[in-house]
Amino acid sequence: MKTLLFDKTINRTIRTAQLIAPFWDRWLVHGIDADDLSKVRPALLSAEHWVNGWHSLAQEKKRQADLFLSGGYISKAEEMYRLTGLYFNLIYWLFPSRTPEKEKWYNKCLEMFRKADLLSPIPTQYEWIEIDNHQCAGRIRIPDHSRGIVIIVNPIDSSKEELFKYESDFLNAGFTTVSFDGPGQGGSYVLHGLRGTKKRWEAFIDQVIDFTSELFPDKPIFLFGTSLGASWALYGSGSPIVKKTVAVSPAVAFEKLNLPEYFLGRMDCSCTLVPEERAIPDFGKVTFRSPVLVFHGKKDQMVSTADMYELFDSLPAEKRMVEYESEGHCCNHKMDEIRQMAIQWLGAEHDGVEGSFP
């Protein structure tokens, strides 16, 4: 029965990818090439086609990366290895359940990111924390003269590698980045079997904040999250250690979310859907402390504007919401702008000016 359920989820995912163009917005904003998508999308008729199509493109990108490296174009090679890793990530992501196939493609993704990290002038540390006797792997990237630490809290079905462009923007602005795979995400799920629950996510966020504070005791710590990652960033804003929090399209109470069928099927593999244990914060029990900057797209099909306003009203006095009339969930078409606004706000006090909202 489980195999049939997983196959149904994969087929629903592929059908959605065929029929609904906004399905791809997430992947385009995270770095896949629009021309590559145009080439491969018409042929994505089955899991086999998905794997073969993206694998072929990944091999092409890796060949380009190898050529850049042999020619001495180090930064170009680094960029292309990360793109190769993202294409492997797309293959890994398709499979909802923890299988050797999923693990194989995730390890290929990790291999490409390690190659890129070795070429980068910004060093990368690989760390881990433990939740319920399972490892959660993390990557920490440290620029010279760091202005502060940005903990990136990833969407619930993303791996830490997928959001490498977020890392890049914060690093280029002088922030150290900290990114771990939480319960049900990336390596924590596929390599170590850690499924997502509310209690595990609470422990995860608390531990990541404490770990970061111990590693960088003299630096301000900020949170940046999108979707369910934004919800957990808001949970983390209750920590006295966190100075500021940015939340893009935070999800509200689970029963209020308008989630597509393929997404629910995926979550049922990596996270519990038992109502009292679902991996979303109980905002009524959170004592919010840090100033919060919220972004919301008024065409969000997952989180209604009314529910977003209700959540926003519960936040502390130091808060601002930026709304986009034409954006959907995660405000994908404005994400570059959002990260720049976040950088400006997070860095304001460091630069000796008032930390006002943008």
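Which side chain does a polar contact of 3.0 Å join to that of Tyr166? The partner is His30, whose side chain meets that of Tyr166 at this distance, a polar contact being a pair of N or O atoms within 3.5 Å in which, within protein, one atom must be able to donate a hydrogen and the other to accept it, with residues adjacent in sequence counted only if both atoms are side-chain atoms.

The model is predicted, so local features need pLDDT of at least 70 and side-chain atom pairs count only at pLDDT 80 or more, while totals for chains, interfaces and linings use all residues. Residues are numbered from 1 along each chain as its sequence is written, and side-chain values use heavy atoms, with hydrogens and water left out.

Tyr166 belongs to helix α7, which covers residues 164–172; helices (H or I, at least four residues) and strands (E, at least two) are DSSP runs numbered from the N terminus. Because its relative accessibility is 2%, Tyr166 counts as buried, a term that means under 20% relative accessible area, with exposed meaning over 50% and partly exposed in between (1.4 Å probe, protein chains only). Apart from neighbours within four places in sequence, Tyr166 is in contact with His30, Ile152, Phe224, Thr226, Met335 and Arg339, where contact means heavy atoms within 4.5 Å. Ile152 and Tyr166 are 14 residues apart in sequence, and their C-alpha atoms are 8.2 Å apart in space.

Strand β3 is largely enclosed by the rest of the structure, because five of its five residues are buried. Val150 and Ile152 point one way from β3, whereas Ile149, Ile151 and Val153 point the other way, and all are buried. Three bridges join β3 to strand β4 (residues 176–180), and the two strands run parallel; strands pair if DSSP finds at least two bridges between them. Thr177 in β4 is the bridge partner of Val150. Helix α10 (residues 228–236) is mostly covered, with nine of its nine residues buried, including Trp232 and Tyr235.

Across the whole structure, a search finds two cavities of 30 Å³ or more. On a 1 Å grid over the protein atoms alone, a cavity is a set of points where a 1.4 Å probe fits but cannot get out, a pocket is an open set with protein on both sides within 12 Å along at least five of seven lines, and lining residues have an atom within 4 Å of a point. Grid points are joined across faces, edges and corners, and a volume is the space filled by probe spheres set on the points.

| Space | Volume | Lining by class |
|---|---|---|
| Largest cavity | about 110 Å³ | seven nonpolar, five polar, three charged |
| Second largest cavity | about 80 Å³ | 10 nonpolar, two polar, no charged |
| Largest pocket | about 860 Å³ | 16 nonpolar, 12 polar, six charged |

In these classes, Ala, Val, Leu, Ile, Met, Phe, Trp, Tyr, Cys and Pro count as nonpolar, Asp, Glu, Lys and Arg as charged, and the others, Gly among them, as polar.

Of the 15 residues that line the largest cavity, Lys102, Asp157, Gly184, Arg266 and Ser270 lie nearest its centre, and α11 gives the most to this lining, with four residues. The second largest cavity is lined by residues that include Ile151, Ile152 and Val153, although α9 gives the most to its lining, with five residues. The largest pocket has 34 lining residues, of which Pro22, Phe23, Tyr262, Met302 and His329 lie nearest its centre, and α2 supplies the largest share, three residues.
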